[in-house]
Amino acid sequence: MDVGRFDEVQQKKVMKLYLQQKYQNRKIDIIVTQSVSAAALLTEFYGFFPDVPKIYLEPGANFTVPESINTVTINAKLDYKQATQDAVNLINPKELIVILDTTNDMGRNFYQNLLPVIGNDFPHLRIEKWFDVPTETLINKINNAPSDAIVLFTPIFRKYKGKQLSPFQFVKLLTSDNQAPIFSYWHALLGSGIVGGYLLSGETIGNRIAESIIFFKESKSLKPIDDEKLSAHYYDWRQLKKFKIDPQRLPQGSMLSYYEPTYFEENKMLIYSAIIIILTLSSFLMFFLILNSKRVQLLKELDSEKLKLEFRVEQRTKELLTAKDEAEHLALVKSEFLANMSHEIRTPMNGVIGLTNILLESELPLKQRQYLDKIKYSSDQLLIVINDILDFSKIESGNTNLEEFPFSVNAVVDYIKTTFENQAQDKGIKFIVNVASNVPPDLVGDVVRINQVLLNLCSNAIKFTSHGKVSVCIHAEQILNDDESILIHFIVKDSGIGIAPQNVSHLFDAFTQEDSSTTRNFGGTGLGLTISRRLCKLMGGDIFVVSTQHLGSEFTASVKVKVNKKIVIADSFNSIQTSILDSKNSANHPSLIGLKVLVAEDNEINKLVITAMLEKKGVVIHLVDNGFECIQAHKSQQFDLILMDIHMPIMDGIEASKMIRNDSDKTIANIPIIALTANVMENDIAYYLSVGMNAHVAKPTKASELYRIIEQCLKSNSDYFDKTQ
């Protein structure tokens, strides 16, 4: 309430009405007042939140604290003596000029407290009292004040050129051309043109009030506020520079504001950097001059070695070219071997997986269906293992791709129990699986890779254990700062032959086993642990081993998985099945009923598998044994699509596809052709597409993938859609 410039009675009346209208029906936690008039208003306003704690700031010396437990006051005390003494010690003036208005309470308060201090403590100085001086006159007096004087400014509110000025604005007006430094007692005026001094800090007062409020929040009572030591030494660096005041003479602990560094201080790092660069370049120059003198000396020696080197390079080049040819030949042989092995292994796997799927679609007793579920699940796992082993260069370079699907840890337990319980029983050892209570049942990750790692670790444990037991313990570990994922530890412990200490460090090297007798006695390629460790690392974990020879080993495989909060895994000990609650239904394929497909395939089992897949969708199938018969059938009958095997007798799929594409009859030449083959190498697939085939489907064949590729090829074939519409 600015009663210094406005009528106090009217101010109280307006403020009381304002408070009633705005806050009457609101919840107020604490009320803070500032000034004598505001404190008086609140004590007179009896019905205004009488039970709310109140903090009275500067209520005046005559203020009587209301009878309330939660009420505190703070009267900021100005240390006039220290503030004035610090200013005098800093400047050593001959004259003190006091600017003061006695027309308001604030000015009269300064008059009552400041003037006795000046009169008693500074009798050796001339005292000028500029009280209630008009604005224009005061500006002229300030501009003409002697330089050996200091001005003590107390807060003054003035009107100048029709505009009401605050004390800060008024000081800026006074200091536009002053010759004598101006000091004050309030931190709020710092930056207006005063030099500074021992200033009462409003920020410190605010902090004390805030501490009391925080204390009230914690203990429901206001903390008494210490109204001592509310001042500190603050100075305006610009004014110190203007009046040539050495900052070293400031009182200890003084704080500088508006500091403007010198050119050197502002560019110190740049200058130092330039000096360092110059010195460095000079050092390099000297170094190069020395080197140049040695270079001339060495040139002759180099010339003498040149002929020798040229001869050696020529010989080495021939050796490298020979080695390059051998390496390229070996790479070609390796590629052909991998392609052939891939084809030869995938072809019978296609029969195993395909026929299993056919049986699963028929009416079967529950137990037989459960067995087939295990066969299918194991076949899928085996297929992935085969893929990684056949393309070992991919695993070796870390290019194995991981998948993320929902799975149940109980399904993992079921899988390893089903796989190893009978095997352990046949050896006369126990096989135990324990799952800790902190392992969530519903997870998201690459369960196929997890099973592959466990398959290898459990297989090794049983293989190297002739008595006792093999146990698998599964527990979870929280990951710091990651609420969505956990670390699953699979601890496979056996009571087998153990590992010699000198062999542990090489245990995870490729094609390495403990010693040659291990291969003779137990078999194996030595790739299993290598692949398992790399898979664990790809899944954010690792494998560690602790082993004692003749007592057993303990392998700990860790993988990072996500906690599945959106699905429910429905599983039992004899089934592996997941149900996704909030996912969409599988995409519905367009109807293939009546589609005429020509299948070129020489393998009888593969014919049976592909026929079952397509007839399930109502496709009309015509089977031929080789590429030659495929061309003849295509010319004699009308088909919508060809599924073409690659390796066939008489004429393979490549040659047949070329002849079809080169046919003069566009109806024959433009039929969609899909390569249906066990060849999955990238260069093979690229070659099939280059000779005119539209797409590629790998064996073993997934029905859903086959339907999708067929649909894709038919969509791109406008003739088919024109015919079906």
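**Exercise 1.** State which way each residue of strand β22 points.

Solution. In β22 (residues 641-644), L641 and L643 point one way, while I642 and M644 point the other way. All of them are buried, meaning under 20% relative accessible area with a 1.4 Å probe and protein chains only. Strands are DSSP E runs of at least two residues, helices are H or I runs of at least four, and both are numbered from the N terminus. In a regular strand, side chains alternate between the two faces of the sheet.

The model is predicted: local features need pLDDT of at least 70, side-chain atom pairs count only at pLDDT 80 or more, and totals for chains, interfaces and linings use all residues. Residues are numbered from 1 along each chain as its sequence is written, and side-chain values use heavy atoms, leaving out hydrogens and water.

**Exercise 2.** Find the strands joined to β22 by bridges.

Solution. Strands pair if DSSP finds at least two bridges between them. Strand β20 (residues 596-600) runs parallel to β22, with four bridges; here L598 has I642 as its bridge partner. Strand β23 (residues 673-677) is also parallel to β22, with three bridges, and A675 is the bridge partner of M644.

**Exercise 3.** Decide whether L222 is buried or exposed, and list its contacts.

Solution. L222 lies in the loop between α7 (202-219) and β11 (231-236). Its relative accessibility is 9%, so L222 counts as buried. Beyond neighbours within four places in sequence, its contacts (heavy atoms within 4.5 Å) include I30, P53, T71 and F216. T71 is 151 residues from L222 along the chain, yet their C-alpha atoms are separated by 7.0 Å.

Notes. Buried < 20%, exposed > 50% of the residue type's maximum accessible area, 1.4 Å probe, protein only.
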